[in-house]
Structure formats: C-alpha cells, structure tokens
Amino acid sequence: MRRFDYHRAETLEHASRLLTELGDDTFLFNGGTDLLVEIRERLRRVRNVVDIKQIPGLSDITYDETRGLTFGALVTVGRLERLALVGQRYPNLRAAFASLGSIQVRNRATVVGNICRASPSADTIPPLVADGAFVHIYSRTNMRVVPIAEFFTGPGRTVLAKGEIVTGITVPPAGDTTGKAYIKHGRRKAMELSTVGVAVSLSMEEGVCSDIRIALGAVGATVLRAPQAEAMLRGTSLDAATVSSAASKAMEECTPISNVRASADYRRDMVGVLTGRAIKQALETFA
Amino acid sequence: MKRIVEFTVNGEARDMAVDACCSLLDALRDDVGLTGTKKGCDVGDCGACTVIIDGEPVNACLVLAVEAEGRSVETVEGLQPGVDTLHPLQDAFMRHGASQCGFCTPGILMMAKKLLDDNPHPTDEDIRFGLSGNICRCTGYTKIFDAIRFAAREMEAARS
C-alpha cells in the first residue's frame with residue numbers, strides 16, 4: 001500500500017486542527033471501507049489519515065417522537081441495520097443499510113462516511129433525502145445543520161469546508177401516517193453498487209397523499225429529487241393511473257449517464273419501473 | 001515509523017511493531033505469522049480475510065494494524081478448541097468436501113462461526129445472507145451449505 005501516516009484525534013477540535021494543519025492529502029479516517037480501497041487502488045493520493053474513532057460522544061443513537069432518529073458519525077451501518085427501531089420505523093433505511101456492501105463491510109462502514117463520500121450511487125443517501133434528514137457539522141468557529149438535500153454539490157463533493165467534520169445525522173420522526181421504501185436495483189444482490197436506487201417517503205391522510213418525496217440514486221451527479229412527479233402525486237389517492245404518469249415524469253426528471261454498470265436509457269427505464277414499485281411498497285408499510 | 005500495537009489474538013496477548021499504513025491482514029500474516037487468514041482481493045470484496053474483532057466479523061484488509069490496539073482478534077487458527085480437536089464447522093467442512101482450492105475457506109469458516117453463534121438454527125436464506133460477503137470462485141457453495149447445516153445439527157446435539 002502507498003505509504004501514509006496515521007494520526008489519532010482525541011477531540012473534534014483536535015481532528016479539525018489536524019485536517020487544516022497537515023495540509024492537502026489529509027483525510028478523515030472513520031470506517032475506512034472506501035478510503036483504504038482508494039489508497040490501495042491509487043485512486044486517491046493520501047499522505048495523512050486522521051482517525052476519529054476514539055473521539056467521545058460520536059457513537060450514540062437516540063430516538064424521540066419529536067426530534068426523530070439521531071445517530072453519531074461513528075455509528076456503523078451494521079449497528080443501525082440490526083436496530084429493531086430502524087426496521088419498524090424506517091424500513092427504507094433498513095433496506096438501504098442491508099444492501100450496502102457485505103456484513104463485514106457494514107461492521108466497519110458508517111452512514112456518515114457514506115454520505116461524506118457523496119457517491120451518486122450511495123445506498124444510504126436516497127432514503128435520507130426522501131426523509132428530509134439533517135446533517136450536523138462541526139467547525140472550530142461555529143456548528144451548523146444542513147438539510148441533506150443541500151449537502152451535496154456534485155459527485156464526491158459536498159458543502160464541507162476544510163476543517164469541518166460531520167458529527168451526525170438526524171432523521172425526522174416517522175409518524176403513523178407515513179410510508180417509506182427504498183428499492184435498490186443492481187446486477188447481483190450482495191457486494192454491489194446500485195445501478196439505480198429509488199426512495200419514496202409519503203404521508204396519507206384519509207386516503208389522500210398529503211406529502212411525498214421521491215429521491216433517485218445513481219441517475220445524476222448527486223441524488224436527485226423528482227419535484228414534478230411529486231407535485232402530480234400530492235393531493236391524489238395514489239391511484240394506479242396517477243402513479244403511472246408520475247413515474248413517467250420521474251424518468252424525464254433524472255439525468256443518468258452510461259457507464260460500466262448500465263446505459264443511460266436502461267437507468268431511465270428503471271427509474272420509471274422502480275418509482276411505481278417504491279410507491280406501492282411505501283403504501284404497504286402502513287396498510 | 002513503526003508503532004507498537006498490543007492486542008489479543010485468539011485469546012493470547014501479543015504485541016507487534018507495524019507501519020501506520022500496514023493492514024491488519026498483512027500484520028497478522030507477516031508479523032504475527034498467522035497465515036491462515038488469506039489475502040484474496042485486498043479491497044474488501046472477497047471475504048477471504050474475514051476475522052472477528054471484539055465479536056464482529058470484518059475484512060482484515062480494510063482494518064489498519066494500528067487500530068487493533070487493545071482489541072481482541074479471532075482468526076481461523078483460533079477455531080480449534082484444542083490441538084487434537086476440530087471445531088464442528090471444520091469437521092463438517094472436511095466430511096462434506098466443502099473446500100475445493102481452500103482459499104476462501106478460512107473466511108467462510110469465520111463467517112459461519114459468527115452465523116451459528118448468533119443463530120443456531122439458520123434457514124438456507126440465513127446462510128445465504130450470512131455468507132453474502134464471501135466469494136468462493138470454485139463455486140462450491142452447495143457443499144459449503146451442506147457442511148454448515150450439518151455443523152448446526154452437530155452443535156445442537158452436543159448442547160442437548
């Protein structure tokens with residue numbers, strides 16, 4: 001492996017200082033399941049890694065009915081995947097977590113790491129976007145909270161400034177009238193990057209859809225919302241005809257590319273299929 | 001610059017001097033001398049290097065050796081309860097010919113151990129899910145499944 005130095009941060013302030021003082025080619029080291037691969041495959045030039053896993057206070061998971069689900073930067077995908085609360089309240093997150101990498105990878109990989117990597121095909125991002133999650137960001141001068149839809153600025157790029165560190169994520173509470181789904185489409189079931197991922201979070205009141213958010217993964221430079229498709233669905237009963245035309249609208253709203261995993265045309269077709277399927281599945285979660 | 005890492009491997013306290021960028025996999029094989037853990041892809045895809053750290057299976061290639069400080073690591077060498085005794089999974093793998101070239105076997109044994117520790121009566125779907133991060137390129141999965149089912153029954157019989 002290309003040589004690099006290892007630093008163990010004791011506090012967030014310490015980690016942030018190391019990030020700015022050690023210069024370029026310094027990266028936070030959390031689960032490492034992407035970073036170490038990128039180093040080994042020479043995709044990223046790294047001189048220093050700053051391990052944040054010893055920093056206290058970043059491993060908590062809390063849930064309450066007003067604030068929702070909050071988890072720290074060190075919480076692994078596997079830990080959340082196995083949490084009964086996640087399975088009951090957030091089946092969309094549960095599906096995304098269980099489809100990421102393998103059990104071994106999920107025991108190391110963190111959700112915060114997955115979002116900071118900002119891959120357009122990251123599995124955890126679509127359901128977090130559809131749920132309207134918030135990202136907590138530390139810096140030495142001020143803390144800020146950013147809606148996750150505004151966190152990404154391009155493939156591999158985020159709003160994080162030098163020395164800023166994501167400390168955790170809050171997902172709004174899941175009410176009794178909300179339905180959620182995430183469907184990942186790939187060539188195989190395990191150890192697979194998604195070809196297309198579609199997340200739907202919706203609320204129904206007396207048979208009418210009062211709110212719906214559709215998030216599309218791997219069909220744009222960042223995970224995309226489908227605002228026009230959502231507008232067509234709000235206020236309807238989500239009958240088959242409306243869902244079908246909204247799914248077609250979502251196909252127009254995405255901007256897929258062709259790459260080794262699939263062609264742009266195929267991805268667009270799958271957005272249509274999976275959007276309809278995800279809405280149906282989301283409705284079943286509280287049927 | 002090398003650092004000294006103190007950790008426990010298969011119940012035994014050890015220390016090793018490692019480079020910051022050395023993976024736990026390379027340290028186990030080259031410094032500790034435990035070559036049972038195999039290096040397949042070295043990027044977390046194949047599962048051949050699966051070890052159990054503090055009760056959780058991980059790919060040793062995606063862990064830095066310096067991170068093992070103070071942790072407890074179990075490798076395939078630690079499966080045997082004694083010099084002359086095999087773990088029921090090892091015994092079952094031999095009986096069922098569940099190993100062809102054998103390269104994936106240590107990782108699969110560690111994953112299967114974790115599976116049966118957590119879930120003594122796995123369904124085929126549970127086994128499939130449990131082994132989804134372990135690739136056997138000889139594709140001998142049928143016999144691997146047979147062996148794990150057999151080991152589960154043997155371990156159940158030994159308990160009752």
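At what angle do the axes of helix α2 and helix α5 of chain B cross? Keep in mind that this is a predicted model, then select residues 88-95 (α2) and 141-159 (α5) of chain B. The axes cross at roughly 135° and come within 8 Å. Angles over 145 degrees would count as roughly antiparallel, so this pair is classed as oblique. The crossing is right-handed.

Now show the side chains where these helices meet. On the α2(B) side, pick B:Pro88, B:Leu89, B:Ala92, B:Phe93 and B:Arg95. Facing them from α5(B) are B:Ala147, B:Phe150, B:Ala151, B:Glu154 and B:Met155. Sorted by class, that contact has eight nonpolar and two charged residues, with no polar ones.

Next stop: the place where the two chains meet. Here 20 residues of chain A are in contact with 19 of chain B. On the chain B side, go for strand β4, residues 56-59, which gives the most, with four residues. That side of chain B as a whole divides into eight polar, eight nonpolar and three charged residues.

Last, hop over to chain A and select A:Val171, which lies in strand β10 (residues 165-171). Is A:Val171 buried or exposed? It counts as buried, because it has 25 C-beta neighbours inside 10 Å. Leaving aside residues up to four places away in sequence, A:Val171 touches A:Gly68, A:Leu69, A:Tyr90, A:Leu128, A:Asp131 and A:Ala133.

Terms used
Residues numbered from 1 in each chain as written. Chains lettered and ligands numbered in written order. Predicted model: local features only at pLDDT ≥ 70, side-chain atom pairs only at ≥ 80, totals over all residues. Helix = DSSP H or I, 4+ residues; strand = E, 2+ residues; numbered from the N terminus. Buried ≥ 20, exposed ≤ 12 C-beta atoms within 10 Å, placed from the backbone. Contact = placed C-beta atoms within 7 Å. Nonpolar A, V, L, I, M, F, W, Y, C, P; charged D, E, K, R; others polar. Axes fitted to C-alpha atoms, helices over the stretch in contact; angles between N-to-C directions. Parallel < 35°, antiparallel > 145°, perpendicular 65-115°, else oblique. Left-handed = near helix turned anticlockwise from the far one by under 90°.
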